[in-house]
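I set out to record what can be looked up about the chains of this model and where they meet. My entries follow the structure below.

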Amino acid sequence: MISRASLLLLLAVTLSALPAAAQQGVSDTELVIGGSNSFSGPLAFTGDQITKFGVDLYVRVINDAGGIHGRKIRTVYYDDGYRPQDAVANTKKLVEQDKVFAIIIPQGSPPVVATLDYLEENKVPLLFPYQSSPVTRGKRYVLQGMTLSDRSSKMMIDYLAGQRKIKKFAALYQDDEYGKSFLTAFEKDLARFGLKLVGAESVKRGVMDVSAQVAKLQAAKPEVTFLVLVPGPGAQALKERQKIGWTDTLMVSTGPLTDERYLALAGDAAEGVEGLSLWPDPVTSDLPGVKLYREHMQRYFPKNEPNRYSIAGYFAGMLFAEGAKRAGRALTRESLLAALESFKGFESGILPPITVGPDHETQKQGFWVRVEKGRFKQLTDWLKSE
Amino acid sequence: MTGQALVHVVVSGLATGSIYALMAISLVIIYNATRTLNFAQGEMLMISTFVGWTAWQVLHAPLVVALAVAVVAAALLGFVLERVVIRHAISATHFDVLIITLGLSLMLRSAAGVTWTHDEFPFPSFFSNRPLVAGPIRVAPISLGIIGASLALMVALGALFRWTRLGRAMRAVAQNQRAARLMGISVERVYSSSWIIASVVGAVAGVLIAPVIFLSSKMGLVAINGFTAAVLGGFGSMPGAVVGGMLLGVLENLAPLYLPASIKHSVPFLVMITILIVRPGGLLGRVARRKV
Amino acid sequence: MRHAALATVAAVVVGWPWAAPRYFVFLASLIAINAIVAIGLNLLSGYTNQLSFGHAGFLAIGAYAAAILTIRAPALPVPATLLLAGLVTAAVGLALGVPCLRLEGLYLAMATLAFGFVVVEAILNLEWLTRGNDGLRVPAARIGPWILATDTARYYLVVAVAALLIVAAVNLSRTKTGRALLAVRESEIAAQASGVNLAAYKTLAFVVSAFYTGVAGGLFALVVGFLSPDSFDVFLSVDFVAMIIVGGLGSILGSVVGAAVITALNDSLAGFQNYRPLIFGAILVTSMLFMPGGIASALRKIPGAGARPPR
């Protein structure tokens, strides 16, 4: 007589022996992730660094240590040259042909936003896009990467207007989504203090000469001038300022601009410039995670200099790997999301402890720096943007 | 807007304009001799400047060595490209050659990215960035230096075309290829020479402007402005290239100074379209009257 | 022989979504869209020798017009949206073509290049309409009760419109108008001497070219689903010029083949990342060196194959 218990046991054993529904991008031996990125066009250097020397650096470390639950990570990247329609095509190819498990660190607001609807509809996780516009908020399958512009702005304005009591602000901003999102955020945050921008001049990417814009801003006599640019035009603006001897304004760089590249380009014209730094100094910081990053870079890509782009990619790889690890061997997109959402005080050794809330934002902080003798000197602790 | 600031902005515009003029001149030199529009002109400039920079870094030599190496690299590049690629296509239509030069520009830019990465690098200048103040006038030496060096080069080119045999041969080929050949001029030599000279002019422009816009694989995009300048001034005319370049540079700088943000970026193009509608041959050009 | 070839092509085109994976259906839509632009551009540059480096501008106008109509007038059926997009673009083409009648060769090329830039600036300025830098999400199109929500549905729409426009172009090339346009390309002076009203035909070429590109723009908006000023830069215009030259100037088949080759090539090279422009450029150089006159003229050399250009 077969007891009900043994029947149930038989049923349970049979069911567990059935193959689980195959999760795309996850096989017995490998885990496939990828993304569309800029390998040509205006942001090609950044694209290269965040992927091949960023995510892939961390992936090498993980794979050499045995992978995640016995699976090696494989990455696939396609070039979109910063063109939204190419990003859409590449992303479709990655999801439908290459069958990636998740999209990781695509770059630029236009290419990323172009793919948002498709990825949400197809329930594909979009992990840590390398862009700062808040337009990617509010999507179930998106985990934010870089500190978004409205948070950056809040920290910067609270510090400058709130703590240092500065009243007159101006902005030199790039004529694209990055520049525009910061400009909008600045105006909103200044309004909280009853202030307005006294001047705002736009600059086109790839511009040859910024003398007119800088001259106009000088005429407005701001105490602080925000630079919402990329390293090239940012350095041009600083050299222009030096050329006209405009000393009575403090130039402040936004998060994406605060990096060693514009320092190298601007040379001594960058002395005294302040800004919000999103990362510890990748070359000199002795935080344990940053030191490890440098060791790994030295081991796998000795000819590549450590920089903030590759550390951002490395960090993205780290978060993904941790999420996949926590999700366990039976990895699905849903379990990955749940795992990432479960981060509470995660210690990366690079940034302050990460807690991911329902806002899905993984980076919400920055600290103040000033350029002294060609390097960023930390002036404050990590600022809060809540 | 103070007068001092205005003078500075205009002088800065003339400096950028000088570079546009040099780019326009190199495009026109090749076009006049071979009836080809060289899409790769900017990328050739970029590669030459990179080579000069690499030599300067490796040899720890004075800056003038960078210039010399860039010029030699440019001459070599111009010669090789013309001989190996363009010469073989010369029987094809000029549209075909256009695509060939387009392909070359893509290849050169990508090759630069692979060799030096797509990063941007600071480039040393012969001139200082600190302002010179003389009474009400304040200018940056670097702007004056660029204008001066460009003008010197233009004068040298003018002399080349006027007083040397090669120059006269090039002008003859530009006017009428068949007649020039009948007169015993080696048209092939003129082709090579035009590519070499144009390339060298580009290298000088590159070394002058790299301190301002930084050395990178996308530096070559300045050639688009060169094309605009050449058309504005009257394509085919040397003085036209100079006038067009200077005018474009100053316009690009004055527009953001006085015009609202919404149209300031379009102004150079709108002005150019207007000038072309009124004078279809550009400012100093003549519309060729074709004999039936 | 000709009919057999056409029937095969038709069968492949209609059956494609059943045979090919979903991504390649999407890619085929992109190819068809680019083919429409190429035919339009060829009409201008291949027939009347007016080289245009601004067709990305026309594409943008058509795309944004269609997108805005789809958003603000969702009851409008897709064919009407596309037609309107084409007409708006044609109107702009007229506004550009007439003042540019006196321009030729490089001057016209420059004027069109400038036009391309100005269009993108205008899109940025009309932020209230186009959402400027934020970009514009394009909702799915509808034909009657059906919503074109899948790649396959959109593919059939694109291919149907493309077929229509190709047939129209072929017919145009066979009429008196087509012959007149071709005569203009061969020699403006001879054409004039034969009684061809040069100004009228050059303007017509501009307008029809803009119309085609505008319709393609509308399809682009629906297939890609998102528009941004970054989509329509000068390099896109140059890509279109490459398509008609590689395909073969003055040939409709050449335009279609050129569009297919360039689009497919660009797509297949995306995985080469940094090396993509290097390889693509090398292919451009070698193909023009070995196939002067483009693919169409190379095809013509094979006896019995390919379409002859309207001569």
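Predicted model: local features only at pLDDT ≥ 70, side-chain atom pairs only at ≥ 80, totals over all residues.

Residues are numbered from 1 along each chain as its sequence is written, and chains are lettered from A in the order in which they are written.

I then turned to the fold. Chain B has 12 helices and two strands (DSSP runs of H or I, at least four residues, and of E, at least two, numbered from the N terminus). From the N terminus, I read the order as α-α-α-α-β-β-α-α-α-α-α-α-α-α.

For dimensions, I recorded a C-alpha trace of about 60 × 50 × 35 Å along the principal axes of chain B.

Next I checked contacts (C-beta atoms, placed from the backbone, within 7 Å). In chain B, of those between residues at least 6 apart in sequence, 73% join residues at least 24 apart.

Finally I examined the interfaces. I found 28 residues of chain B in contact with 28 residues of chain A. On the chain B side, α1 (3–34) and α10 (238–258) each supply at least two residues, and α1(B) gives the largest share, six residues. Elsewhere, 30 residues of chain C are in contact with 37 residues of chain B. The elements giving two or more residues to that side of chain C are α5 (105–125), α11 (234–247) and α13 (276–290).

Key: Contact = placed C-beta atoms within 7 Å.
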